[in-house]
Amino acid sequence: NGAPFEYRIESRVEGTNYAVCRVTYPSPLVTPLPQNNTVPAAYYLPRGMKPGDPKRPAVICMHILDGNDELMRMTCSMLASHGIPAISFKLPYYGERGPVGGPRVLADNPKLFLEALGQSMGDIRRTVDLLASRPEVDPKLIGITGISLGGITAAAAAGDDPRMHRAALILAGGDLDHLIHYARETRELSQTIKALPVDRRKKVEAILQ
């Protein structure tokens with residue numbers, strides 16, 4: 001959004017082929033839930049990098065619908081093991097960013113769900129900003145990948161931000177409105193949307209499209 005921001009590297013764990021840094025930075029969208037306004041990320045840095053080395057490509061990795069980190073840890077660790085910096089972060093209302101009920105609050109509140117989609121796009125753009133500022137990263141070679149919901153989010157981000165160099169979309173359908181109404185995992189959200197007054201439902205589905 002053009003505003004300056006700071007990020008913090010809060011810890012660093014050394015591994016055989018890479019180090020993992022815990023990074024936090026402010027979301028560009030401020031919400032009433034304080035913890036949702038800070039983006040927690042894991043930044044995987046390949047070992048053996050030295051000042052003056054050629055800048056490298058980097059990849060943003062987006063998590064699945066239930067917020068499980070295992071697949072993103074595997075993706076980031078594989079990329080970093082092959083010399084490519086990678087970063088993953090929690091989407092709005094997931095993990096430490098969410099309330100006690102976690103991201104299920106989105107299924108009960110279509111307005112909040114739509115706001116979270118917009119916040120996700122802002123958080124991704126800000127993550128691109130962060131990577132582009134890093135001395136080891138080539139800002140012209142920043143890509144994004146994701147699985148399932150992460151793939152849908154990555155596709156939207158790749159279309160939204162012209163700085164994205166590549167996108168690898170895994171198990172990611174293209175029609176979000178259709179998926180919400182027919183996927184087992186989004187049944188509650190579908191029921192909530194269908195229960196809306198006709199005019200509000202049309203507005204929600206238009207935004208999803």
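**Close-up views of a predicted model**

**Figure 1. The largest nonpolar core.** In this predicted model, the largest nonpolar core contains 26 residues, and Ile 60, Phe 89 and Ile 124 have the most contacts inside it. Two or more residues each are given to this core by strands E2 (18-26), E3 (38-46), E4 (56-62), E5 and E6, and by helices H3 and H4. The largest share, 5 residues, comes from H3. In soluble globular proteins, nonpolar side chains tend to be buried together.

**Figure 2. The surroundings of Phe 89.** Neighbours within four places in sequence are left aside here. Phe 89 is in contact with Tyr 25, and also with Val 39, Pro 40 and Ala 41. Further contacts of Phe 89 are Ile 60, Cys 61, Met 62 and His 63. Arg 97, Asp 123, Ile 124 and Thr 127 complete the list. Of these partners, Ile 60 and Ile 124 are named with Phe 89 as the residues with the most contacts inside the largest core.

**Figure 3. Helix H3 against helix H4.** Two packed helices are described by the angle between their axes and the distance between the axes. For H3 (residues 110-133) and H4 (residues 149-160), the angle is about 65° and the axes are 10 Å apart. Their crossing is right-handed. From H3, the residues Ser 120, Met 121, Ile 124 and Arg 125 meet Thr 153, Ala 156, Ala 157 and Asp 160 of H4. Sorted by class, this contact has 4 nonpolar, 2 polar and 2 charged residues.

**Figure 4. The buried face of helix H6.** Which residues of H6 (residues 187-194) are buried? They include Leu 189, Ser 190, Thr 192 and Ile 193. Seen down the helix axis, the buried residues of H6 fall within an arc of 160°, so they line one face of the helix. They pack against H2, H3, helix H5 (176-182) and helix H7 (198-208).

**Figure 5. Two loop residues with positive phi.** Tyr 93 has a phi near 70°, a positive value in a residue other than glycine. Its place is the loop between strand E5 (86-89) and helix H2 (104-107). Is Tyr 93 buried or exposed? With a relative accessible area of 6%, Tyr 93 is buried, because buried means under 20%. Ser 148, also not a glycine, has a positive phi near 60°. Ser 148 lies in the loop between strand E6 (137-147) and H4. At 30% relative accessibility, Ser 148 counts as partly exposed.

Technical notes: Residues numbered from 1 in each chain as written. Predicted model: local features only at pLDDT ≥ 70, side-chain atom pairs only at ≥ 80, totals over all residues. Heavy atoms only, no water. Axes fitted to C-alpha atoms, helices over the stretch in contact; angles between N-to-C directions. Helix = DSSP H or I, 4+ residues; strand = E, 2+ residues; numbered from the N terminus. Left-handed = near helix turned anticlockwise from the far one by under 90°. Contact = heavy atoms within 4.5 Å. Nonpolar A, V, L, I, M, F, W, Y, C, P; charged D, E, K, R; others polar. Buried < 20%, exposed > 50% of the residue type's maximum accessible area, 1.4 Å probe, protein only. Core = buried A, V, L, I, M, F, W, Y, C linked by side-chain atoms within 4.5 Å. Arc of directions from axis to C-beta.
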